[in-house]
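Take a look at the chain below. Follow it from one end to the other, then read on.

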Amino acid sequence: MNEYISRGAALEELNKPITMSVCLDKTDLAIKRMQRDRDAAMIRAIPAADVAPVVHGHWKVVQRHEHYPSGKSYEAYYCSVCGIRSIEYGQYCPHCGANMIYTEVDA
Ligand SMILES: [Zn+2]
């Protein structure tokens with residue numbers, strides 16, 4: 001399974017200053033800076049992955065009392081992102097794909 005990271009965050013991490021405290025001498029410092037520049041160039045050269053940011057939402061559970069002549073109630077599940085009702089709830093909204101992190105129950 002692939003994991004995706006931010007190119008900007010990786011470059012930011014690489015661009016942290018290299019201090020003499022982590023180097024043996026000035027030659028070692030120069031080598032570490034060249035390695036850092038090489039690593040930054042490699043990170044910039046990697047093509048961007050075709051990914052979208054994860055959208056988080058939650059299910060709003062609403063008790064419904066209509067439609068059943070028996071008077072029984074049922075639960076309706078509404079996505080907090082797209083607002084579309086679903087007949088069942090799961091980890092992802094089947095309409096917009098939002099990742100549902102919790103369920104909110106309306107009385
Ligand atoms: Zn949705």
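**A walk along the chain**

Two bridges join E2 to strand E3 (residues 85-86), and the two run antiparallel. Strands here are DSSP E runs of at least two residues, and helices are H or I runs of at least four, numbered from the N terminus. Two strands pair if DSSP finds at least two bridges between them.

This is a predicted model: local features need pLDDT of at least 70, side-chain atom pairs count only at pLDDT 80 or more, and totals for chains, interfaces and linings use all residues. Residues are numbered from 1 along each chain as its sequence is written.

Stay with E2 and E3. They form a hairpin with five residues between them. Gly83 in the turn has a positive phi of about 75°. Tyr77 stands opposite Ser86 in E3.

E2 (residues 74-79) also pairs with strand E1 (residues 56-64), antiparallel, over six bridges. Here Trp59 stands opposite Cys79 in E2.

What does Trp59 touch? Its contacts (C-beta atoms, placed from the backbone, within 7 Å) include Tyr77, Tyr89 and Met100, not counting residues up to four places away in sequence.

Now step back. The protein chain is divided into domain 1 (7-45) and domain 2 (56-106); these bounds come from an automatic or database domain assignment. Their C-alpha centres lie 50 Å apart.

Helix H2 (residues 26-45) has 20 residues. From first C-alpha to last, H2 reaches 29 Å, close to the expected 28 Å (1.5 Å times one less than its number of residues).

Notes
Contact = placed C-beta atoms within 7 Å.
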